[in-house]
Amino acid sequence: MVLSATVWVAPVDAACPGWSIAPSPNVTGRHNALVGVTAATGNDVWAVGASGLDGTPPRTLVEHWNGTSWRVVSSPNPGTEASLLRAVDATASNDVWAVGVYASAGQERTFTAHWDGRAWKTTTSPNIGKYHNELNAVTAISATDVWAVGSYYSATTSTYQPLALHWNGLSWRTVSVPAPVPSYVASLGGIGAVSSKEVWAVGAYQGSGSYKTLTERWDGTRWRIVPSPNVTVLGTTSGVLGAIAIGSAANIWAVGEYDAGGRSATLALRWTGTAWSRATSANPAAVGDNELLGVAADSAGLAWAVGAKSDAPSRTLIERRSGSTWLGVTSPNATGWDNTLGGVASYGGNAWAVGSAYDGKWVHTLIVRGC
């Protein structure tokens, strides 16, 4: 299904007047950025990303909120050339998973790490082929049921293809996941679960000169592609999904962006129970780009989406869904810096969002908290 639309600016949600910046640590003398976050409880929140400096290998960055403050927690770095974490999810305080990619000897490999309540440890994860493998998202259903998705380079098609891994409590294994057009580029960027027999993954594939939305569903037996809408502007039909959130079977959201005539506009899709439909979302940067990079939802019907708007400098973008409308929320920025939010998690009606801020010299962690 193809939709035509114009860019729309949402009103501000008066019920949620704003968020505040929480002090967060940085590794001294390095750039620091956070991209993923999860909340096991209100006082047990994890954020992941990377720290690095030009000319030196990027290293993993893991931070933890204990109810009082954020602190850096030691994390593994299996790659000699790079180690990055992109997503995190938890089933309990002693069962937390983080995924990403590491590089050694010119090869990029899947990276999975587990927190057992005492330390982060790398777990062995499979790869397809010898070149490029990466993980972008993870969802932990139980201690014996965890999914991670990303992409790998197929030597057969000479393109990037969707990748799915499953943890059964003992080991990771690859699970076949279809590509819309095997000869075209495709990747999965987000994953979430209603149950062991209803898992959703989202991403994008390249077709007809532009990227199109990709949604896939695991039914307990296999992955199947589910049709999803794109947006047509000035003759170009496009859409990219980077994140999905499942608060309940009736509150499932996927977010990303589309080409709005040479610039990016926010994209929000909702699963109605039978099909994906597009919802109007805010685009506060009337001239620059707007994108949604993370989304969270709860069982009460609330949802939050975060990203960035390019207003030179770029600024944080937060939207809140309550009832039938996405509303823009006043969001904080580090004064005078480029700012972006890459991930959001909710717990008990409140939410945490994480990202980075650039001051012209250093990239710093950015963590904000709100309603």
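**Salt bridges, strands and tryptophans**

Mentor: Let's begin with Asp 116, which counts as partly exposed because its relative accessibility is 24%. Keep in mind that this is a predicted model.

Trainee: OK, so which side chain does Asp 116 meet in a salt bridge?

Mentor: Lys 121, at 4.0 Å from N to O. Lys 121 is partly exposed too, with a relative accessible area of 48%.

Trainee: What network of salt bridges is Asp 116 part of?

Mentor: One that links Asp 116, Arg 118 and Lys 121.

Trainee: How many salt bridges does the structure hold?

Mentor: Five. Another of them joins Arg 86 to Glu 134, with the closest N and O atoms 2.4 Å apart. Arg 86 sits in strand β7 and Glu 134 in strand β11, so this pair ties together parts that are 48 residues apart in sequence.

Trainee: Is Glu 134 buried or exposed?

Mentor: Buried, with a relative accessible area of 14%. Arg 86 has 26%, so that side of the pair is partly exposed.

Trainee: And what does Arg 217 meet in a salt bridge?

Mentor: Glu 198, at 3.2 Å from N to O. That pair links distant parts of the chain, with Arg 217 in strand β17 and Glu 198 in strand β16 (residues 198-207), 19 residues apart. Glu 198 counts as buried at 14% relative accessibility, while Arg 217, at 27%, counts as partly exposed.

Trainee: Now β12. Why would I call it largely enclosed?

Mentor: Because nine of its 10 residues are buried.

Trainee: What does β12 pair with?

Mentor: Strand β11 (residues 133-142) pairs with β12 in the antiparallel sense over eight bridges, and those two form a hairpin with two residues between them. In that pairing, Val 138 has Ala 148 in β12 as its bridge partner. β12 is also joined by nine bridges to strand β13 (residues 159-167), again antiparallel. There, Val 149 stands opposite Ala 164 in β13.

Trainee: How many residues sit between the strands in the hairpin of β12 and β13?

Mentor: Four, and in that hairpin Ser 158 takes a positive phi near 60°.

Trainee: What order do the strands take in the open sheet of four?

Mentor: β2-β31-β30-β29, with antiparallel pairing. The edge strands are β2 (20-22) and β29, each of which pairs on one side only. From one strand to the next, the twist averages 30°. Within that pairing, eight bridges join β30 to β31 (residues 363-370), and the bridge partner of Ser 356 in β31 is Thr 365.

Trainee: Let's do aromatics. How many aromatic pairs are there?

Mentor: The structure holds 19. Take Trp 70 and Trp 352: their ring centres are 5.3 Å apart and their planes sit at 85°, so the pair is edge-to-face. The two come from distant parts of the chain, Trp 70 in strand β6 (residues 70-72) and Trp 352 in strand β30 (residues 350-358), 282 residues apart.

Trainee: Are those two buried or exposed?

Mentor: Both Trp 70 and Trp 352 are buried. Then there's Trp 147 with Trp 218, a tilted pair at 4.9 Å centre to centre and 55° between the planes. Trp 147 is in strand β12 and Trp 218 in strand β17, 71 residues apart. Trp 147 counts as buried at 2% relative accessibility, and Trp 218 is buried as well, at 8%.

Trainee: Which Trp residues form one aromatic cluster?

Mentor: Trp 46, Trp 115 and Trp 120.

Trainee: Last one: where does Ser 331 lie?

Mentor: In the loop between β28 (325-329) and β29 (338-347). At 16% relative accessibility, Ser 331 counts as buried.

Trainee: What does Ser 331 touch, leaving out residues up to four places away in sequence?

Mentor: Thr 316, Leu 317 and Ile 318. With Thr 316 there's also a polar contact of 2.8 Å between the side chains.

Notes. Residues numbered from 1 in each chain as written. Predicted model: local features only at pLDDT ≥ 70, side-chain atom pairs only at ≥ 80, totals over all residues. Heavy atoms only, no water. Buried < 20%, exposed > 50% of the residue type's maximum accessible area, 1.4 Å probe, protein only. Contact = heavy atoms within 4.5 Å. Polar contact = N/O pair within 3.5 Å; in protein donor to acceptor, adjacent residues only side chain to side chain. Phe/Tyr/Trp six-rings, centres within 6.5 Å; stacked < 30°, edge-to-face > 60°. Pairing = 2+ DSSP bridges. Axes fitted to C-alpha atoms, helices over the stretch in contact; angles between N-to-C directions.
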